[in-house]
Amino acid sequence: MTVIDHTELAERLATRAARVNALVAYAIVPLDGSEAIRAHGDARMPTASTYKVYLLAALYAAHAAGRLSLDARVVYGSEDKTRGSGVLKLLAPGLAPTLRDLARLMIVVSDNAATNVVTRALGGPQGANAAVHALPIELRQTEVRDYITFATADPEGVALSCPDDFAALLAAIYRGRCSGSKTLDDEIHWTLRRQQHRSMIPRHLPCSEYAEEFGVEEYYRCGT
């Protein structure tokens with residue numbers, strides 16, 4: 001396995017970021033306890049689909065606290081249907097998957113309709129935002145604002161967050177300190193590793209969401 005020189009990586013990232021005519025923000029937290037690499041880590045930005053990781057953690061924490069059950073079946077209704085990524089939009093309303101099934105669809109294929117059902121199960125956008133902030137993690141810049149509807153072109157309409165908040169959340173999941181149950185945190189981590197969209201960062205990594213399924217050893221794993 002390649003040993004990463006953190007100083008060199010920080011310099012390379014800063015050089016690449018300087019070439020971009022926009023604010024580039026990132027936070028990298030080494031799991032070996034080394035110093036974090038960050039730039040504008042607290043910059044509040046639109047999340048696009050990445051906020052679904054917050055909803056996943058909040059849903060599992062609500063299950064751990066007994067506020068809902070991941071095994072409960074929830075009807076996918078016409079009001080949940082929306083455009084963009086996912087497969088539920090292609091299916092007839094009336095299906096009743098479990099919340100666990102919907103959470104997996106939300107992450108594995110970034111299903112927008114499943115995300116809306118999960119948001120509704122957490123009490124709507126305000127309830128989902130409260131559930132996210134009930135996690136044992138300080139999330140200063142994170143806010144869930146709305147369902148996914150594409151009613152407007154406002155990129156800030158659905159959710160906001162920052163690199164530091166994302167890093168804190170992912171570190172808590174990895175360390176088993178997120179949902180209130182180590183077993184559930186392990187399941188969250190397992191779900192994140194099933195992600196099938198490989199067109200961004202994962203395209204540069206020698207990893208596969210199918211490796212565990214086929215018993216292939218990996219040195220690198222991509223969890224989101």
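User: How do the residues of the lining of the second largest pocket divide into nonpolar, polar and charged?

Analyst: The model is predicted. Rolling a probe the size of a water molecule over the atoms shows where empty space is left. Here the lining of the second largest pocket comprises ten nonpolar, eight polar and three charged residues. In total 21 residues line this pocket, and Ile148, Phe150, Asp154, Pro155 and Val158 lie nearest its centre. The volume of the pocket is about 380 Å³.

User: What volume does the largest cavity have, and which residues line the largest cavity?

Analyst: A cavity is a space where the probe fits but cannot get out. One cavity of 30 Å³ or more is counted, and the largest cavity has a volume of about 60 Å³. Its lining includes Arg193, Arg194 and Arg198, together with Glu209, Glu212 and Glu218.

User: How far does helix α6 reach from its first C-alpha to its last?

Analyst: The span of a helix can be set against an expected value of 1.5 Å a residue. Helix α6, residues 163–174, reaches 16 Å, close to the 16 Å expected. After α6 comes Gly176, with a positive phi near 75°.

User: Which residues of α6 are buried, and what covers them?

Analyst: Buried means under 20% relative accessible area. In α6 the buried residues are Pro163, Asp165, Phe166, Ala167, Leu169, Ala171, Ala172 and Ile173. Their cover includes the strands β1 (26–28) and β5 (159–161) and the helices α2 (52–64) and α7 (182–193).

Notes:
Residues are numbered from 1 along each chain as its sequence is written. This is a predicted model: local features need pLDDT of at least 70, side-chain atom pairs count only at pLDDT 80 or more; totals for chains, interfaces and linings use all residues. Side-chain values use heavy atoms; hydrogens and water are left out. On a 1 Å grid over the protein atoms alone, a cavity is a set of points where a 1.4 Å probe fits but cannot get out, and a pocket is an open set with protein on both sides within 12 Å along at least five of seven lines; lining residues have an atom within 4 Å of a point. Grid points are joined across faces, edges and corners, and a volume is the space filled by probe spheres set on the points. Ala, Val, Leu, Ile, Met, Phe, Trp, Tyr, Cys and Pro count as nonpolar, Asp, Glu, Lys and Arg as charged, and the others, Gly among them, as polar. Helices (H or I, at least four residues) and strands (E, at least two) are DSSP runs, numbered from the N terminus. The expected span of a helix is 1.5 Å times one less than its number of residues. Buried means under 20% relative accessible area, exposed over 50%, partly exposed in between (1.4 Å probe, protein chains only). Contact means heavy atoms within 4.5 Å.
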